[in-house]
Each structure stands twice: as C-alpha cells, then as structure tokens.
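Subject: The structure, and what turned up in it

Hi,

Here is the structure for you to open alongside this email. My notes follow below it.

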Amino acid sequence: MYSRFLRSLTNSPTLIVMVGLPARGKTYISKKLSRYLNWIGVPTKVFNLGQYRREAVQSYKNFEFFRPDNEEAMQIRRACATNALEDVVIYFSKEHGQVAVFDATNTTRERRISIVSFSKEKGYKVFFVESICDDPNIIAQNITEVKVSSPDYVNCDKDEAQADFLKRIECYKQTYVPLDDEKDRHLSYIKIFNVGSRYLVNRVQDHIQSRIVYYLMNIHVTPRSIFLSRHGESELNLLGRIGGDSGLSPRGHKYATALGGFIKGQHIKDLKVWTSHMKRTIQTAEHLGIPYEQWKALNEIDAGVCEELTYEDIQENHPEEFALRDQDKYRYRYPKGESYEDLVHRLEPVIMELERQENVLVVCHQAVMRCLLAYLLDKTADELPYLKCPLHTVLKLTPVAYGCRVEHICLNIEAVNTHRERPGNVDITRNPEEALKTIPDHF
Amino acid sequence: MELPNMEYMMRRRCDSAASVPQFTNSPTLIVMVGLPARGKTYISKKLTRYLNWIGVPTKVFNLGQYRREVQSYKSFEFFRPDNEEAMQIRKACASNALKDVVIYFSKEHGQVAVFDATNTTRERRVSIVSFAKEKGYKVFFVESICDDPDIIAQNIADVKVSSPDYLNCDKEEALADFLKRIECYKQTYVPLDDEKDRRLSYIKIFNVGSRYLVNCVRDHIQSRIVYYLMNIHVTPRSIYLSRHGESNMNLLGRIGGDSGLSPRGHKYATALGTFIKSQHIKDLKVWTSHMKRTIQTAEHLGIPYEQWKALNEIDAGVCEEMTYEEIQDNHPEEFALRDQDKYRYRYPKGESYEDLVHRLEPVIMELERQENVLVVCHQAVMRCLLAYLLDKTSDELPYLKCPLHTALKLTPVAYGCKVEHVFLNIEAVNTHRERPGNVDVSRDPEEALKTIPDHF
C-alpha cells in the first residue's frame with residue numbers, strides 16, 4: 001500500500017512548525033496541508049496555539065495581551081505552547097500520528113530553538129514553514145476574511161476588530177526574527193514569500209518533506225471554482241451494472257446538453273474541462289462545446305472480476321467478497337481490481353494539478369468523484385466511500401476562508417440512483433436478502 | 001457503437017505525467033546559468049532525460065559544442081573578457097544555437113529546449129529573454145551556485161579534464177588551465193538578482209541542493225521541473241534492477257497473471273540474496289511489486305522490503321495469462337497492432353507501455369531521492385525503468401533485453417550510468433520476443449509467431 005510505504009519512510013514523526021506574523025496565512029496553510037496529507041494517507045493533525053490560548057484565557061480583551069512586555073500574558077502563552085507540544089507527543093506516541101502541524105507565530109529565535117531541542121530530544125524531525133508577506137492588500141484581505149469573524153472578536157464590530165488586530169500584529173513585529181539564511185542554515189525549512197511568488201527551500205531531509213514542499217509550491221489563493229460532475233447516465237447504469245465502458249443513455253445525453261447550458265450560463269473565465277478515458281465521460285464533455293483533456297487517472301475504479309456485474313450477480317458469484325467489501329469499503333480491493341485507497345493514490349497527480357489550476361470542470365465517475373470530494377471537503381477514509389454523488393447533479397466548490405463552499409445543482413433530468421448504503425449486516429455469513437437490502441433499483 | 005482501439009489512442013489525451021498539452025502551448029526555453037564546473041551540463045542532460053521519458057520532447061543545446069565546431073581550443077585566453085575576436089565568435093555561436101532552438105520548436109515538435117551555457121552576464125540573459133518573448137517561448141532559468149572548492153575540484157576531475165578541449169594535455173595542465181578559465185568568467189559574472197530579476201521565472205540551486213530559491217513558477221511543466229531538480233542528488237550510490245525469479249507462468253509461456261516462482265525461480269532468489277550480501281551494500285532499500293513472484297523473490301533476501309503497486313507488471317487486459325499462440329488465435333488483429341506500435345499500443349482493458357511510464361513516474365522520483373536501492377520487478381516495468389536510467393527512446397524501450405535471472409547494477413558516472421550485467425547462473429526460460437518482420441494485420445500466423453520464445 002502506498003500509504004504504508006509513506007508511513008515506513010517517515011519512521012520518525014515530523015513536526016511542521018509554522019512561522020510568521022499574524023494574518024500571513026499560517027492557519028490556512030496548516031489546514032490545507034493537513035487535509036492533503038491525511039487524504040494521501042499520512043495521519044496529520046493541526047495544533048493551533050490560538051485555540052489553546054482561548055481555552056486558557058477564556059475571554060479575549062484586546063491586543064494588550066500580546067504586548068511583549070506583558071509578563072503575565074507571556075507566562076500563559078508559554079504554558080499554552082507547552083501544553084500544545086505535550087499533546088503533540090500524545091498524538092505521535094499514542095494516536096498513531098505521523099505529522100503534527102504546530103500552528104503558531106513562532107516568531108522569535110528563542111521559541112524556535114526550544115522547539116528544535118524538544119524535537120531532538122523526542123526523535124522528531126522538524127520542518128519549518130515560514131510565511132512572509134509585506135503586501136498590505138493581502139494582509140487586509142486576510143484580516144477581513146478570517147480574523148474579524150474569529151472567536152476573539154465575537155462582540156466587536158468590524159472596524160474595532162480590524163483596528164485591534166493591526167495593533168496585535170505590531171506587538172509581534174517588535175520581536176519578530178525571520179529564519180536566517182546564515183544562522184539557520186542547518187534547519188530544514190521553506191520560506192514562502194507573498195503568497196507564493198517566491199520560495200526559499202533549505203535542507204529537505206526526506207520524502208515527506210519533499211512532498212510537502214511540492215504541495216506548498218503548487219497551491220494558490222486566486223479565487224476560482226471547481227465543478228464536479230459525473231458522466232451522464234450510462235447504458236450500464238440503467239441495467240444496474242457496475243464498471244464497464246458503455247455509452248450514455250438517452251437521458252444521459254439530455255443531461256450532457258443541460259450541463260453545457262448550465263456551464264455557459266455560469267460565464268466562467270478560462271474554464272478547463274477534464275474527463276477520463278471512458279466513453280461516458282467523453283460523450284458528456286462532447287456536448288459542452290469546449291475543448292477537454294482526457295486523464296486516464298480519472299477512470300472509474302476497476303472492479304476487477306466484478307466488472308459489468310449487477311450487485312445481484314456479485315452476491316451470487318462472490319458473496320464473500322461482497323461482504324468483505326462492506327466491512328471495509330475504503331481498503332477493500334476487488335480481485336484483479338482496485339480499492340478506493342488505490343484510487344486516491346492514482347488521483348493524487350490530478351489533485352496536484354487541480355491545485356495549480358483555476359476554474360476547472362471535472363467530468364468523472366462515482367468512486368472517483370467521492371475521492372476528489374473527500375479531498376476538497378476534508379472527509380475521512382471511513383466517510384469517503386459513502387459520499388453521495390448522484391447522477392445528473394453538478395457540484396460547484398468555491399474555496400472560502402479555511403474551507404470550501406459547496407453548491408449542489410440538480411439539472412432536472414431523471415436518472416437512476418447508483419448509491420448503495422452500507423447494509424446492516426456485513427458478516428460473510430449473512431444471507432442474500434441482507435446483502436442486497438440497500439441496492440438501488442435498476443431495469 | 002464500438003470505437004476501435006487505435007482511434008481511441010489518437011484522441012487528445014493528457015496524463016499528468018505526460019503533461020504534454022495537445023493544444024498548442026508555448027514551448028519552454030530552459031536557460032542554464034552559472035560558472036564553469038557548476039554542474040550545468042549534468043543538470044541539463046539529466047533533466048532532458050527525465051522530460052523525454054515522461055513524454056515531453058526535450059533537447060539540450062550545449063554552447064561548448066557549438067564553439068568547438070568553430071574553433072579548436074588552445075587555452076583559457078579564449079575566454080578572457082577583453083578578447084574581442086573570441087567574443088565575436090562566442091556571440092555567433094550563441095546565435096546559432098538559438099536558431100537551432102527555433103528549428104527544434106517549429107519544425108521538430110520540440111516542447112522544451114535546454115540552453116546549456118554559462119549565461120553569466122545580465123546582458124546575455126536580457127537578450128535571451130527578448131528573443132524568447134519575440135518568439136512566444138516561455139523562459140525558465142536554472143542557476144547553479146557553488147562555492148565549495150571540493151565539489152568544484154571533483155567536477156573538474158570527473159568531466160573537464162577528459163573534455164575534447166584538453167585532448168592533448170596532461171591532467172595537471174588541463175586542471176590549471178580550466179581554473180584560469182573559471183577566473184575569466186568570474187570577472188563578469190552577475191548572478192540572478194532577487195530584486196532586479198523578480199519577474200523572471202527561475203530556480204537557484206545552492207551547493208548541489210542544500211538550498212533552493214524558486215521564483216515565479218508559471219506553469220505545470222516548470223513546477224514539475226522544480227520538483228525534479230529538488231529531488232535529484234549526486235551522492236554516489238548504485239541502483240540494482242532484477243526481475244522476479246522464473247515463475248510458473250513463465251515456464252508455460254503465458255504472459256501476466258500472478259503466479260508463484262518455479263523451483264528454478266526459487267534458486268535464483270537464493271542466489272540473488274547471496275549476491276546482494278557479497279556486495280556489502282550500505283543501507284540497501286529493497287522494493288517489490290504487489291505480485292507474488294516479486295514478493296517471493298524478495299523473501300529470500302532476508303532484508304526488509306517495500307511493496308509498490310506501481311511496480312506491478314503491465315496489465316495485459318483481455319490477454320492476461322494467455323500464450324502468444326493463444327493471442328494470435330483469439331486476437332490476431334490486436335497482436336499485429338501491438339507489433340506496429342508496441343510503446344503506445346494498449347491491450348483491451350489493459351495498459352500500454354506509455355501508461356506504464358506514467359504510473360512509474362513516482363517510483364523514478366523516489367529512486368532519485370534514495371541512495372542504494374534494489375528493485376525486484378517485471379519485464380515491461382524493468383524496460384521502462386532501464387529506459388529512464390539509460391536514456392533510451394520510446395521506440396527502443398519495449399524491446400530492451402531484460403532476461404530472467406540477471407541482475408543489473410547501475411552506477412551513475414559522469415553524465416551517464418555505468419551498467420554491469422550479473423547473470424547468476426541459474427537457468428531460466430527466455431521471455432523476450434523480438435519484433436517480427438511482418439507486422440501487417442493481414443499477416444499469417446507463422447509470421448506472427450516467428451519470434452516467440454520457447455516454452456513448455
């Protein structure tokens with residue numbers, strides 16, 4: 001398994017340490033990076049110091065808490081950092097974590113040195129991610145998007161919040177020492193300048209750090225939307241058969257036309273359209289009248305010996321396999337086929353390119369769409385194989401603040417349901433009715 | 001209506017590894033920057049090898065070669081910045097090289113050109129950027145900065161002293177002259193500047209990769225180039241490639257499947273273990289596929305191994321577990337189509353070599369990051385890996401000889417790879433099928449089966 005491979009490569013857990021003034025995108029990067037690492041199978045968790053502080057101090061008054069000469073506050077802040085790191089130890093040693101992201105300003109040399117000693121003592125690798133930004137527009141934008149609505153400012157109006165936050169930043173600026181080219185040349189880090197126009201990468205130690213660097217260098221914050229849709233209803237869908245490479249049904253063709261109408265109506269700038277190599281996605285894209293690119297990686301999950309069978313067929317011919325799949329739908333691999341886990345691995349380059357691109361419409365398949373959606377919406381491996389991705393429905397995902405806004409648009413063309421819920425009884429001794437209880441209707 | 005296989009292959013395709021956009025996208029001019037002996041040619045060649053392997057047509061244009069064609073080398077004086085006559089010649093060579101880049105892009109379907117020269121002055125770089133802008137090419141600079149005298153001395157010993165420029169000199173003379181040559185360039189060297197060049201796209205590599213500065217990556221191919229450059233290293237190491245031991249299917253002349261080892265296959269695995277031990281390899285990583293035959297082979301080594309699904313043998317789709325005779329019997333047209341274009345041909349419900357290269361790309365990337373590695377894999381997979389390591393074309397790739405029971409030891413040296421074939425003296429069937437003379441769909445069975453290897 002690829003994720004097992006990744007885990008064995010990272011024998012020592014890795015502590016990613018964010019560095020930067022407030023409103024430099026540290027939490028944005030922390031959350032996004034965690035989402036990506038978890039999706040590719042590397043258990044990752046964010047430890048946000050602000051949350052620890054809010055729990056310790058209960059109610060935030062104003063920026064004075066952050067004044068460098070506020071001794072009492074300093075004690076509290078140091079204690080919070082210690083608690084966060086203690087939780088990191090628990091995460092690594094008892095919860096099978098592989099990567100922890102320490103989301104805090106970590107703006108003083110002193111703080112960073114103490115983190116490095118702590119890690120060395122515990123046998124953790126350390127990788128710093130410093131975000132440096134001097135563009136006042138970007139900072140203002142960040143503050144508006146996420147700070148003003150933070151729990152710290154729940155009882156303030158926008159302008160008050162903004163003013164206080166700017167003073168908070170000034171407190172940090174007084175003691176901020178960025179990672180130094182010379183003095184910190186033995187540390188492993190990436191410095192990100194102005195949201196990615198420029199990167200400085202120092203001493204990448206291993207595979208996971210190299211992947212992290214690659215990922216960070218491919219993400220951007222330019223506003224855009226990602227549209228996900230399955231192919232139109234196919235002939236095999238109508239028959240309740242899985243897999244195969246059939247063409248669209250008449251209703252499927254209708255959907256494709258409707259999809260074209262919808263897309264035009266959205267007036268999307270420079271839309272890229274991606275399909276798989278399978279007829280049904282290609283036929284769907286053909287109706288759009290826009291150039292499209294075919295990715296083999298977007299092909300539907302290979303059901304191996306179960307290709308083109310109905311669920312009834314599978315129950316009859318491979319009852320044990322059918323049950324095993326219900327027991328662990330994410331990891332289960334069809335004989336001579338693939339698992340969802342395999343699918344995630346093969347979709348990783350698609351995700352990377354999706355990150356680089358701006359407006360994209362991906363015309364794909366049920367299992368593939370579940371994987372992409374899980375990445376975009378931070379769903380776990382348990383949830384992933386049961387995400388609802390009905391035919392003839394477009395999902396429009398727009399990154400907003402720390403997550404993604406989703407709009408479901410049903411284009412009002414009837415289609416069969418292809419979603420099979422996990423049945424109550426997943427035991428191999430179950431009888432056929434129990435196995436087939438949740439299968440969707442078909443012709 | 002069923003679309004025939006070939007038509008499918010001709011539709012526009014984009015795979016993340018091939019990443020060759022089928023719509024006319026601007027070609028990319030990679031411009032190397034750096035003093036002599038900073039690894040520019042090493043990087044140029046390696047990067048080109050990688051890009052070609054993933055399907056992006058790339059070519060190196062080495063200015064030194066253009067210069068050697070025009071002028072036979074006497075001494076470092078040629079490179080003195082005040083040598084007006086030499087300067088004219090050098091400018092003319094640069095011009096010619098860029099003219100050839102234009103031909104490569106416009107007439108030879110090139111996608112990336114690597115301009116391998118020092119390009120150490122701002123003036124030279126500014127003129128290249130204008131040239132590229134005028135032609136509609138994207139420019140990406142790769143600057144190699146090194147101040148470690150040991151690394152530089154090593155480079156000079158490895159590749160400079162044996163350069164055509166120093167054919168008739170002894171080592172000491174060559175070294176002394178080359179060092180003076182470097183001094184000539186140093187006088188006018190202006191590195192890419194953080195401020196002045198902030199709108200250019202580039203990567204600066206410091207001291208063979210301990211540190212990188214990446215500026216304004218503009219597109220997918222530049223992002224892939226940066227990722228690749230950040231993963232390669234020059235630490236000496238060896239890569240061992242071996243197929244699994246002879247399998248039961250091999251004995252029967254059947255392709256694909258997931259069978260175990262034959263008795264001789266087990267013998268080979270044991271012999272491989274012994275061979276590996278005798279090599280006294282430091283920190284050897286062992287990789288296998290998810291298929292029984294490679295796993296059983298690795299089991300005999302007594303070393304921990306990692307399984308990669310990406311290393312699984314090419315999926316022969318409807319032809320899985322068939323003999324060539326059966327394929328000819330049941331799918332004679334497919335069999336002929338495959339012989340016509342073995343690299344791109346995709347088995348129905350299966351894969352092509354081209355697909356294999358795409359799925360092996362992460363393996364190659366990790367191979368670059370690692371040091372000593374033994375990869376236990378399969379015939380088609382090994383052909384793909386070997387083609388990458390030895391810079392073979394996609395025409396040669398599907399016919400590379402990768403016999404059973406033979407370990408290949410590849411050691412990077414100078415600009416390429418030294419290969420040692422180690423046959424471990426355990427008999428095995430031959431599984432190599434040469435391209436037959438007649439690849440026409442209308443050929444008769446004997447012609448099709450002419451080159452199949454013997455089996456039980």
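How many salt bridges does the rule find across the interface of chain B and chain A? There are 6, where a salt bridge is a side-chain nitrogen of Lys or Arg within 4 Å of a carboxyl oxygen of Asp or Glu.

Please keep in mind that this is a predicted model, in which local features need pLDDT of at least 70 and side-chain atom pairs count only at pLDDT 80 or more, while totals for chains, interfaces and linings use all residues. Residues are numbered from 1 along each chain as its sequence is written, chains are lettered from A and ligands numbered from 1 in the order in which they are written, and side-chain values use heavy atoms, with hydrogens and water left out.

**Where the chains meet**

The contact (heavy atoms within 4.5 Å) draws 45 residues from chain B and 46 residues from chain A. Together the two chains bury about 3900 Å², 48% of it on carbon and sulfur atoms; this is the accessible area, taken with a 1.4 Å probe, that two parts lose on being put together, summed over both.

One of the salt bridges pairs Asp194(B) with Arg198(A), with the closest N and O atoms 2.7 Å apart. Another links Glu308(A) to Lys349(B) at 3.4 Å. Glu308(A) sits in a loop of chain A and Lys349(B) in a loop of chain B, so this pair joins two chains. Glu308(A) is partly exposed at 31% relative accessibility, whereas Lys349(B) is exposed at 66% (buried is under 20% relative accessible area, exposed over 50%, partly exposed in between, with a 1.4 Å probe and protein chains only).

**Inside chain A**

Glu130(A) and Lys191(A) also form a salt bridge, 3.7 Å from N to O. Glu130(A) belongs to strand E4 and Lys191(A) to strand E5, so the pair ties together parts 61 residues apart in sequence. (Strands, E, of at least two residues, and helices, H or I, of at least four, are DSSP runs numbered from the N terminus.) Glu130(A) is buried at 0%, and Lys191(A) counts as buried at 7%.

**A helix in chain B**

Best wishes
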